[in-house]
Amino acid sequence: MKTIIVDDEFLAIKRFSQVSKKIKEVHIIGEFDNPRDALDFAACEKIDLAVLDIEMPEMDGIELGRRLREMLPNIVLIYTTGYEQYALKAYGIHAAAYLLKPYNYEDLQYAIQSAEFLAKRNNHKIVIQTFGKFDVFVDGSPVFFKSSKAKELLALLVDAKGSTVTSGYAISILWEDKPFDDNSQSLFYKAAKSLEKTLEEYEISQILIKTRYERCINRKEIECDYYKLLSEDEETLKQFRGEYMSQYSWAEETLAGIFRFLDHIYK
């Protein structure tokens, strides 16, 4: 598991690094004494496990855990602290384990085993197909959407390549014949709620990042032919047959951009 440790005490970080060396499941990719540095790192990296001290200045570990989970919904959290009264707070945001300092190898090993179990449970392979028609597959099986607009909203987020999409913009594309008013906003939120429910049912909620007014796709959680094409993956370039999200007329603009991109590559 790709792991980060966040603690404002250098000795605590050093101890975790030493003890965890004996645990093969742990691969430390980041050590931080400042929670904000950890958040910046998480914005660019996929992290499976975060080991967080609860008592830290400026931002405590509970708040840091909430923010990390907003960015990486499937991240597994382990909390460490010298104060036992914080245990309920840690478990309140679904931490895998709570370690009271000073912990030993056996304590950490048990916590890591719990974390590994959760990580495996959340580790679905999510493939998004945009060549031809838009479809989503989880572990090789297709995702069925109860609402066609919910599916189209997800397609629009994928098309945005991780950029945020406002409710106003989504309405202008998905309900282009309707004015931006209470009725169209109600239609949008109904589709958005249906999308969230479908993702929850398939246990892939981590692919969606949202605020009240904006949404975006979490690119780190998916495999997508469109993104692989843009990275000039040779095998994917061969698979492209000139169609992109063919069921959606608004996708024609992106298709034209793909053709320009390919012309540039093959010149």
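Helix H7 (residues 167–174) packs against helix H8 (residues 182–201) at an angle of about 95°, and their axes are 10 Å apart. H7 and H8 are therefore roughly perpendicular to each other (65 to 115 degrees). Ser167, Ala170 and Ile171 of H7 meet Ser184, Gln185, Phe188 and Tyr189 of H8 in this contact (heavy atoms within 4.5 Å). The residues of the contact divide into 4 nonpolar, 3 polar and no charged.

This is a predicted model, in which local features need pLDDT of at least 70, side-chain atom pairs count only at pLDDT 80 or more, and totals for chains, interfaces and linings use all residues. Residues are numbered from 1 along each chain as its sequence is written, and side-chain values use heavy atoms, with hydrogens and water left out.

An open sheet of 5 strands has the order S2-S1-S3-S4-S5, with parallel pairing (strands pair if DSSP finds at least two bridges between them). Its edge strands, S2 (27–32) and S5 (97–100), each pair on one side only. The twist averages 20° from one strand to the next. Strand S1 (residues 2–6) is joined to S2 by 5 bridges, and Lys2 stands opposite His27 in S2. H1 lies across S1, S2 and strand S3 (49–53), running at about 175° to S2.

Arg15 lies in helix H1 (residues 10–20). Arg15 is partly exposed (between 20% and 50% relative accessible area, 1.4 Å probe, protein chains only). Beyond its neighbours within four places in sequence, Arg15 is in contact with Tyr103 and Asn104.

| Pair | Distance |
|---|---|
| Arg15 and Asn104, C-alpha to C-alpha | 9.7 Å |
| Arg15 side-chain polar atom and Tyr103 backbone oxygen | 2.5 Å |

Technical notes
Axes fitted to C-alpha atoms, helices over the stretch in contact; angles between N-to-C directions. Helix = DSSP H or I, 4+ residues; strand = E, 2+ residues; numbered from the N terminus. Parallel < 35°, antiparallel > 145°, perpendicular 65-115°, else oblique. Nonpolar A, V, L, I, M, F, W, Y, C, P; charged D, E, K, R; others polar. Polar contact = N/O pair within 3.5 Å; in protein donor to acceptor, adjacent residues only side chain to side chain.
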